Amino acid sequence: MTDESAYAASGVSVEAGKESVAQMQAAVEATYTDSVLSPLGSFGSAFALGQALHDPVLISGTDGVGTKLLLTIAAQKYDTIGQDLVAMVMNDVLAQGAKPLFMLDYLAVDKMRPEVVATLVKGVAQATKTIGASLIGGESAELPGMYAKNHYDLAGFGVGVVERDALLSAENARAGDVLIGLPSSGLHSNGYSLVRRVLGLETDADFTKLPEAMQQTLLEPTRLYQPALNPILGMDGLHSMAHITGGGIVENLPRAYDETLAAELEWGSWPILPIFDILQNQGNLSLEDMLLTFNNGLGMVLAVAPDAVNAMMQQFNTHDEPAYIIGKLQPRTTSDIEWKGQAPWPMTFD
């Protein structure tokens with residue numbers, strides 16, 4: 001018995017791994033630019049920064065997709081979850097004003113199924129290309145005994161670059177800055193453990209019994225914000241940004257300003273998608289639960305100097321990108337976020 005057949009007998013197929021790479025190769029290489037210096041399959045991935053930048057700062061991020069993966073397994077739909085991965089990683093990088101450069105992905109599976117693996121990686125590649133970055137490397141692992149049948153995990157690492165003097169940070173935010181919110185595409189990739197409990201999705205069959213429209217809503221990929229934000233990156237008056245991800249508005253927005261400031265937000269100033277009302281009502285969730293778990297319709301929030309707001313909003317309008325003025329920053333008194341207007345859900349339940 002050869003080494004390869006012995007490995008195959010233990011549940012790992014080297015040939016299936018090679019076939020997976022062959023099927024994904026064209027999609028991955030389509031993301032390459034002249035900055036990519038190493039071919040697919042190299043031990044390390046080389047990327048040239050070039051000489052156009054004066055004082056470049058690299059911004060890196062890493063993330064996964066979480067239990068939203070379980071819904072893709074139930075639906076046997078693998079073509080959009082790659083966008084979730086790219087968005088979760090690169091939206092964080094973008095929040096510091098960085099232009100996306102490259103991604104690397106990690107895919108672990110119970111069994112190497114070339115078509116499924118290729119579809120997953122093609123989704124990552126397509127989303128990476130959409131934001132103008134390159135998918136320059138990655139790793140796939142067949143781990144029999146580690147994952148249940150048909151189960152897998154997907155994680156990624158990304159890098160962007162920004163000039164030091166254009167770096168966005170909480171230190172730049174000022175009292176009086178206007179908060180501009182960009183809408184989310186839905187749940188993005190956060191809160192799915194609660195979503196599954198609220199909707200009673202304990203098995204694959206529970207998910208496939210849902211109305212098709214609800215299945216599509218739950219699988220809607222996380223929005224990529226680079227296309228909307230690219231025209232305003234580097235504009236005077238853009239001070240900081242917050243990616244509204246795990247922890248919702250209340251944990252992520254304060255990361256865009258320091259402890260001397262507070263955000264005053266106006267309920268009703270941005271649209272809340274129906275899926276959030278459905279989850280709140282069906283799960284009997286309090287306002288605190290909603291705010292700590294979900295983005296509730298906002299995926300990115302910008303802190304902008306008052307005299308730059310009109311120019312920035314005009315840029316969004318020109319490119320048909322919806323944007324909402326949702327509040328402002330002010331000196332902190334007690335809480336780091338203060339709310340105005342009528343909240344859409346009760347604060348607590350008896």
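Predicted model: local features only at pLDDT ≥ 70, side-chain atom pairs only at ≥ 80, totals over all residues.
**Aromatic pairs**

- The count of aromatic pairs comes to five. A pair of aromatic rings is described by the distance of the centres and the angle of the planes.
- Trp267 and Trp339 form a stacked pair, with 4.4 Å from centre to centre and 15 degrees between the planes. The pair is called stacked because its planes are under 30 degrees apart.
- This pair links distant parts of the chain, since Trp267 and Trp339 are 72 residues apart. Trp267 lies in the loop between strand S7 (261-266) and helix H11 (274-283), whereas Trp339 belongs to strand S10 (residues 337-340).
- Phe276 and Phe294 form a tilted pair, with 6.2 Å from centre to centre and 55 degrees between the planes. Phe276 lies in helix H11 and Phe294 in the loop between helix H12 (287-293) and strand S8 (298-304), so the pair ties together parts that are 18 residues apart in sequence.
- Phe276 counts as buried at 0% relative accessibility, and Phe294 is buried with a relative accessible area of 2%.
- Ring pairs also join Trp267, Trp270 and Trp339 into a cluster.

**Packing of helices H4 and H5**

- Helix H4 (residues 81-94) packs against helix H5 (residues 114-130) at an angle of about 45 degrees, and their axes are 7 Å apart. This angle makes H4 oblique to H5.
- The crossing of H4 and H5 is right-handed.
- On the H4 side, the contact is made by Ile81, Gly82, Gln83, Leu85 and Val86. On the H5 side, their partners are Leu120, Gly123, Val124, Ala127 and Thr128.
- Sorted by class, the residues in this contact of H4 with H5 are six nonpolar and four polar, with no charged residues.

**Packing of helices H6 and H11**

- H6 and H11 pack at an angle of about 60 degrees, with 9 Å between their axes. That angle makes H6 oblique to H11.
- The crossing of H6 and H11 is left-handed.
- Val195, Val198 and Leu199 of H6 meet Leu279, Gln282 and Gly283 of H11. By class, this contact holds four nonpolar and two polar residues, and no charged residues.
- Helix H11 also holds Phe276, a member of the tilted aromatic pair with Phe294.

**Positive phi angles**

- Most residues other than glycine have a negative phi. Against that background, two residues may be noted.
- Asn150 has a phi near 70 degrees, a positive value in a residue other than glycine. Asn150 is found in the loop between strand S3 (134-142) and strand S4 (152-163), and at 32% relative accessibility it counts as partly exposed.
- Asp320 has a phi near 55 degrees, which is likewise a positive value in a residue other than glycine. Asp320 is placed in the loop between helix H13 (309-318) and strand S9 (324-331), and it counts as exposed at 67% relative accessibility.

- Ser189 lies in the loop between strand S5 (178-183) and helix H6 (192-199). Ser189 is buried, with a relative accessible area of 8%.
- Leaving aside residues up to four places away in sequence, Ser189 touches Val65, Lys68, Asp84, Met88 and Thr222.
- The C-alpha atoms of Ser189 and Phe294 are separated by 9.3 Å, although these residues are 105 residues apart along the chain.
- Ala52 lies in the loop between helix H2 (14-29) and strand S1 (56-64). Ala52 is exposed, with a relative accessible area of 77%.
- The C-alpha atoms of Ala52 and Val178 are separated by 32 Å, and the two residues are 126 residues apart along the chain.

How values were computed:
Residues numbered from 1 in each chain as written. Heavy atoms only, no water. Axes fitted to C-alpha atoms, helices over the stretch in contact; angles between N-to-C directions. Helix = DSSP H or I, 4+ residues; strand = E, 2+ residues; numbered from the N terminus. Parallel < 35°, antiparallel > 145°, perpendicular 65-115°, else oblique. Left-handed = near helix turned anticlockwise from the far one by under 90°. Contact = heavy atoms within 4.5 Å. Nonpolar A, V, L, I, M, F, W, Y, C, P; charged D, E, K, R; others polar. Phe/Tyr/Trp six-rings, centres within 6.5 Å; stacked < 30°, edge-to-face > 60°. Buried < 20%, exposed > 50% of the residue type's maximum accessible area, 1.4 Å probe, protein only.
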